[in-house]
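Hi,

Here is the model I said I would pass on.

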Amino acid sequence: MSKVFIISATLVYLALLFGVAYWVESRKKLKDQWTNSPIIYALSLAVYCTAWTFFGSVGRAAEGGPGFLPIYLGPTLLAPVWVIVLRKMVMISKHQRLTSVADFLSSRYGKSTLMGIIAVIVAVLGIIPYISIQLKAISLSYDLMLTSNPQNYQQNFDLPFYEDTAFYVTVLLAIFAILFGTRQLDPNERHTGLVASIAFESVFKLIAFLIIGAYITFGIFGGFGDLFGQAMQHTDIAELFTFSGQIDGTQWFWLMVVSMFAFLLLPRQFHVAVVENNSTKNINTASWLLPLYLLIINIFVVPIAVAGSLLLGGQDISSDTFVLSIPLLQGNEGLAFLAALGGFSAATGMVIVATVALSIMISNNLLLPLLIRSELADQHRAELPSRLLGIRRVSIIMVLLLSYTYFKSVGEGYSLVSIGLISFLAVAQFAPPLLAAIYWKEANKRGAILGLLTGVLIWAFCLPFPTLVKSGFFNDTILSEGLFGLSVL
């Protein structure tokens with residue numbers, strides 16, 4: 001498939017997303033309807049389903065059978081209590097005009113600037129790995145489309161940036177994140193057009209994934225019975241249908257708990273679930289519609305994983321690319337491009353909302369206090385809004401460049417799911433101080449800050465640090481002998 005067509009179609013899709021956002025925001029009646037729509041709200045929450053869902057879940061299922069499920073079971077099991085927990089978070093945020101999870105924590109602990117700063121740093125460092133896997137997924141899928149043969153393709157992480165697809169994807173996403181989220185300041189930080197485009201993107205990626213799944217299951221094979229029947233003839237593939245040797249109950253439990261917290265506390269999730277929520281009534285619809293969405297989008301995950309194992313088993317093809325590789329090897333470039341565009345759509349929604357949410361946190365909780373202190377003279381106050389917009393634009397660029405650097409440094413050795421879990425566990429550190437702030441009257445700032453810092457230090461040492469060790473930034477004896485030669489470390 002030609003590079004010109006791929007680039008043109010991608011730009012048209014991004015322009016369509018921006019057109020949806022602009023169209024909604026420019027019509028007051030439509031804007032009011034979409035702002036108060038529980039369906040749009042529920043679909044915007046599906047930004048939870050990223051390239052991890054589109055590509056990584058299939059890869060995880062191909063290697064571990066049902067091991068991908070806890071990431072979706074967590075939010076599903078949490079759904080019945082959204083009307084209690086999420087409603088209270090929304091009501092507190094609206095009453096105190098809070099605009100991010102850092103703002104929430106800072107406000108609930110005596111408007112602590114230090115708590116806000118720590119939360120921002122944790123959020124930025126925690127989300128960088130997650131954004132990096134979106135860049136990995138997009139560049140991998142588009143490079144595969146250009147080669148047209150997954151059997152001859154190996155992702156090259158040593159390319160100079162000017163020859164790297166991921167770098168140009170990073171630049172493109174930075175431009176569109178700036179266009180979507182930093183055109184003007186809103187005191188409530190609501191972006192109705194952005195929410196509308198995310199809802200559109202949620203529908204598109206769902207349809208794309210279902211079409212690919214149906215093609216593989218009913219087009220290449222004769223349906224679920226034929227596909228699973230053939231799989232049962234192979235002992236190694238048949239094990240994918242069992243829980244034996246896969247993931248134990250303890251791991252399932254903690255993965256579900258972590259995904260529950262991540263669904264509410266990832267910056268992009270908090271932004272669409274709390275900041276952009278115009279009515280607590282929307283939560284009632286979302287509590288059943290989003291679990292239904294998660295169920296539908298995962299229907300074909302195992303069939304695609306099984307089909308990939310049958311058709312591509314023994315070949316040097318990453319299971320993360322089965323959604324794309326199977327149509328390509330069947331000679332169906334049109335469906336392969338639909339898969340690539342669906343994955344691009346899933347990744348784009350996450351990156352845009354995440355970077356906009358992070359830019360709000362960086363400007364409001366990290367740099368705004370410094371600006372206010374440094375600009376006491378009244379004649380400079382008029383410049384503050386434009387400076388804030390400038391800070392947010394620079395923040396978006398810096399976060400994406402750091403994510404690209406992380407992708408180039410550690411992306412080669414890890415799957416999409418394994419890197420994504422690093423981010424999930426980072427934001428899970430927010431859960432104890434946030435829940436304590438809501439429900440425990442004895443919670444205090446000192447305890448919350450110490451608890452958060454302790455959790456973050458353990459997370460940093462146990463998860464991101466080993467990825468840097470394996471990538472050659474530190475001596476690999478640390479992993480076998482421990483830091484400073486201490487076996488306990």
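First, the ground rules. This is a predicted model, where local features need pLDDT of at least 70, side-chain atom pairs count only at pLDDT 80 or more, and totals for chains, interfaces and linings use all residues. Numbering starts from 1 along each chain as its sequence is written, and side-chain values use heavy atoms, with hydrogens and water left out. Helices are DSSP runs (H or I, at least four residues), numbered from the N terminus.

Let's start with α1, residues 3-26. Its 24 residues reach 34 Å from the first C-alpha to the last, close to the 34 Å expected at 1.5 Å a residue (the expected span is 1.5 Å times one less than the number of residues). Its buried residues are Ile 6, Ala 9, Thr 10, Tyr 13, Leu 14, Leu 17, Val 20, Ala 21 and Val 24. Buried here means under 20% relative accessible area, exposed means over 50%, and partly exposed is in between (1.4 Å probe, protein chains only).

Now the helix pairs. Axes are lines fitted to C-alpha atoms, over the stretch in contact for helices, and angles run from 0 to 180 degrees between N-to-C directions. I call angles under 35 degrees roughly parallel, over 145 roughly antiparallel, 65 to 115 roughly perpendicular and the rest oblique. Contact means heavy atoms within 4.5 Å.

Helix α4 (residues 51-64) packs on helix α8 (residues 113-147) at an angle of about 70 degrees, with the axes 10 Å apart. The two are therefore roughly perpendicular to each other. On the α4 side, Ala 51, Trp 52 and Phe 55 meet Tyr 130, Ile 133, Gln 134, Ala 137 and Ser 141 of α8. By class, that contact has six nonpolar, two polar and no charged residues (Ala, Val, Leu, Ile, Met, Phe, Trp, Tyr, Cys and Pro count as nonpolar, Asp, Glu, Lys and Arg as charged, and the others, Gly among them, as polar).

Also in α8 is Leu 144, which counts as buried at 2% relative accessibility. Its C-alpha lies 21 Å from that of Tyr 406, 262 residues apart along the chain.

Further along, the axes of α13 (residues 249-265) and α14 (residues 267-275) come within 5 Å and cross at roughly 60 degrees, so this pair is oblique. Ala 262, Phe 263, Leu 264 and Leu 265 of α13 meet Pro 267, Gln 269 and Phe 270 of α14. That contact divides into six nonpolar residues, one polar and no charged.

The last pair is α16 (residues 301-312) with α17 (residues 322-329), packed at about 50 degrees with axes 10 Å apart. That makes α16 oblique to α17. Their contact has nine nonpolar, three polar and no charged residues.

Finally, α7 and its surroundings. Seven of the eight residues of α7 are buried, so this helix is largely enclosed by the rest of the structure. Among the buried ones are Val 101, Phe 104 and Leu 105. After α7 comes Gly 110, with a positive phi near 70 degrees. In the loop between α7 and α8 sits Lys 111, whose phi is also positive, about 55 degrees, although it is not a glycine. Lys 111 counts as exposed, at 63% relative accessibility. Arg 97, in the loop between α6 and α7, has a positive phi near 55 degrees and is exposed, with a relative accessible area of 52%.

Cheers
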